[in-house]
Amino acid sequence: MSDPDVIVLGGGVSGLAAAWWVARAGYAVELWERDARLGGKIATRRADGYLTERAASMLLNFRPEVSELLAATGLDAKRIACPSGPQYQRYLVRGGRLMPVPMRMGALMRSPLWSLRGKLRVLAEPLVPAGGSPDETVSEFVVRRLGREVLETAMEPFIAGPLASDADRASAHAVLPRLVALEQRYGSLVIGAVVRRLLRRGAAPVREMFSFDGGMATLIGALATTAGVRFRARSTALRVERTASGWRVDGRTPEGEQSARARHLVLSVPAPAAAALVRPLDAELGGLLGGIDYGALAVVHLAFDRSAIRHRLDGLGFLAPRSEGVPLTGCQWMSSMFASRAPRDKALLSCYVGGARAPHTRDWTDGRCIDAALTVVGPLLGIDAAPQRVWLDRHAAALPLYHGAYAGRLQAIGERLRRWPGLHVAANYAGGVSVRDRIACARALARRIDAALAGLRTPAAGVTLDSTPEAALAQGLG
Ligand SMILES: Cc1cc2nc3c(=O)[nH]c(=O)nc-3n(C[C@H](O)[C@H](O)[C@H](O)COP(=O)(O)OP(=O)(O)OC[C@H]3O[C@@H](n4cnc5c(N)ncnc54)[C@H](O)[C@@H]3O)c2cc1C
């Protein structure tokens with residue numbers, strides 16, 4: 001069998017998306033995955049008419065790259081949209097009760113979530129001089145621009161929930177690249193947002209929230225059958241080496257110890273695994289990758305009779321700010337988001353326990369995680385009955401935390417990688433953790449590989465796709 005052009009290590013959505021885009025550009029790809037199953041963190045469980053997700057449960061998309069992939073794979077037809085509209089709420093826990101989060105400026109100014117002082121502070125944002133250091137945390141950035149109330153009631157729970165991170169330690173440049181870019185370009189988030197809206201009038205990207213009929217496994221299944229990719233499950237990369245013409249991977253496979261060679265090698269394994277592979281080659285790069293922290297999460301799925309829950313469940317679910325002192329970062333009302341997730345007259349809730357805010361929960365027993373979820377959601381949603389079914393998914397290393405001087409770390413990783421032509425990283429510790437960002441970053445990487453393999457001049461970082469710092473970082477790291 002002839003050598004592939006590109007080897008991808010890791011069969012999570014990052015590696016699968018990278019393989020898909022590279023194969024689409026016409027190159028032969030070999031993908032090694034340690035587990036028997038492709039998908040990495042993402043896995044869908046079906047039981048007794050319920051559908052639960054181990055990690056990603058939906059895509060929030062506004063990137064054309066994602067739309068292109070969905071159209072080309074036929075996944076468009078399998079999409080199911082999450083309901084939207086003013087009656088469809090997002091909630092925040094405030095003083096032990098659920099309060100709707102206003103999604104429009106007018107409603108926001110009338111909302112009891114913020115004091116008059118907090119609202120005036122937001123209105124004064126354009127008067128705040130631009131500034132801040134590259135190492136600024138999310139908390140420092142948001143307090144400086146918008147005030148403490150916005151941090152505590154709006155931003156902190158969004159950093160703790162979807163990112164499992166800690167606003168006091170997460171890098172603003174890495175986690176809020178679009179907001180940081182607005183300040184850098186327009187001197188103000190409010191003015192920047194208004195200018196952007198006016199400039200884009202009619203051409204604003206459409207934001208869509210959706211999953212698939214068969215859950216996120218449908219996406220993985222489509223990517224896992226990409227033509228032009230040789231998938232090697234149960235194949236663990238143990239060593240990577242530079243050769244005269246590219247890269248060699250040695251590892252354990254069902255056929256015994258095996259090697260593979262290619263001009264380009266993409267590391268789509270989590271940062272600790274990438275660190276272990278590159279350390280013998282480049283101790284500094286290994287140290288930079290090995291220094292990336294991950295947060296632990298337990299996902300507790302609870303199934304109830306719909307009639308046992310007094311709350312209307314008229315929305316996505318809720319997030320819990322740190323000030324509420326609960327071990328949950330939030331809860332998604334899966335059966336409200338996608339009706340097919342539970343049988344008729346049943347409700348399915350997925351609760352997220354832990355994250356960087358509550359690292360002690362990493363050592364909790366399964367029973368304690370489930371009890372914690374029940375203790376929080378019971379009073380908030382008016383639930384009297386015991387759940388009829390419970391499933392638990394635990395992730396010791398759920399998500400990279402983007403803590404500390406993260407933009408500097410990514411830049412240093414990019415600089416080290418430039419010493420190793422043909423070596424790339426494409427994983428959720430660079431360029432965003434969402435499935436959307438994984439697909440978009442993979443496209444930027446494939447373009448760089450295509451340019452290199454086609455003998456063209458490699459495009460300079462930051463010009464290939466767009467000018468968002470996320471894309472620039474992704475390209476720099478490609
Ligand atoms: C609880 C939770 C909920 C989430 N919800 C959402 C959501 O609703 N929407 C969204 O967009 N995102 C969500 N995310 C984020 C998203 O699911 C992840 O960021 C993404 O799935 C990570 O993909 P990855 O490929 O980078 O990493 P992984 O999925 O971790 O894949 C890495 C792969 O590398 C393999 N591997 C490791 N070492 C080796 C080796 N030496 N050789 C070969 N293979 C190796 C592993 O087995 C694994 O399969 C969520 C994440 C979590 C944890």
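**Reading a predicted fold, one feature at a time**

Tutor: Let's start with helix α11. The cover over its buried residues includes β1 (6-9), β11 (236-242), β14 (264-267), α12 (283-290), β15 (294-305) and β20 (423-425). Here, contact means heavy atoms within 4.5 Å. Helices (H or I, at least four residues) and strands (E, at least two) are DSSP runs, numbered from the N terminus.

Student: What should I know about the model itself?

Tutor: It is a predicted model, where local features need pLDDT of at least 70 and side-chain atom pairs count only at pLDDT 80 or more, while totals for chains, interfaces and linings use all residues. Residues are numbered from 1 along each chain as its sequence is written, and side-chain values use heavy atoms, with hydrogens and water left out.

Student: Which residues of α11 are buried?

Tutor: Buried means under 20% relative accessible area, exposed means over 50%, and partly exposed lies in between (1.4 Å probe, protein chains only). In α11, which spans residues 271-278, the buried ones are Ala271, Ala274, Ala275, Leu277 and Val278. They sit on the same side of α11 because they cover an arc of only 165 degrees around the axis. That arc is taken from the directions from the helix axis to the C-beta atoms.

Student: Why would residues a few places apart point the same way?

Tutor: An α-helix has 3.6 residues a turn, so residues three or four places apart point the same way. Now try helix α2 (residues 64-73), where Glu65, Val66, Leu69 and Leu70 are buried. Those buried residues line one face of α2, because they fall within an arc of 135 degrees when seen down its axis. Their cover includes α1, β5 (59-61), β6 (79-81), β9 (208-212), α10 (217-223) and α16 (435-453).

Student: Which residue takes a positive phi just after α2?

Tutor: Glycine 74 does, with a phi of about 80 degrees. As background, most residues other than glycine have a negative phi, and most peptide bonds are trans. Alanine 164, in the loop between α6 (148-160) and α7 (172-175), has a positive phi near 55 degrees. Arginine 234 has a positive phi near 50 degrees, and its place is the loop between β10 (229-232) and β11.

Student: Is alanine 164 buried or exposed, and is arginine 234 buried or exposed?

Tutor: Alanine 164 counts as buried because its relative accessibility is 0%. Arginine 234, at 53%, counts as exposed.

Student: How many residues surround the ligand?

Tutor: We count a residue as near a molecule or strand if one of its heavy atoms lies within 4 Å of it. By that rule, 34 residues surround the ligand, and the closest are Ser14, Glu33, Met58, Val433 and Val435. The shell divides into 17 nonpolar, twelve polar and five charged residues. At least two shell residues come from each of α1 (13-24), β11, β15 and β19 (389-400).

Student: Which atoms come within polar range of the ligand's oxygen atoms?

Tutor: A polar contact is a pair of N or O atoms within 3.5 Å; within protein, one must be able to donate a hydrogen and the other to accept it, and residues adjacent in sequence count only if both atoms are side-chain atoms. A polar side-chain atom of serine 14 is 2.6 Å from a ligand oxygen. For glutamate 33, a side-chain N or O atom lies 2.6 Å from an oxygen of the ligand. Taken alone, the ligand exposes 1000 Å², and the protein buries 93% of that. Those areas come from the Shrake-Rupley method with a 1.4 Å probe; for residues, only the protein chains shown count as cover.

Student: What does the side chain of lysine 346 make a polar contact with?

Tutor: Its partner is the side chain of aspartate 305, at 2.7 Å. Lysine 346 belongs to strand β18 (residues 346-354) and, at 25% relative accessibility, counts as partly exposed. Serine 335, in helix α13 (residues 334-337), is among the residues that lysine 346 touches. A polar side-chain atom of serine 335 lies 2.9 Å from the backbone nitrogen of leucine 348.

Key. Nonpolar A, V, L, I, M, F, W, Y, C, P; charged D, E, K, R; others polar.
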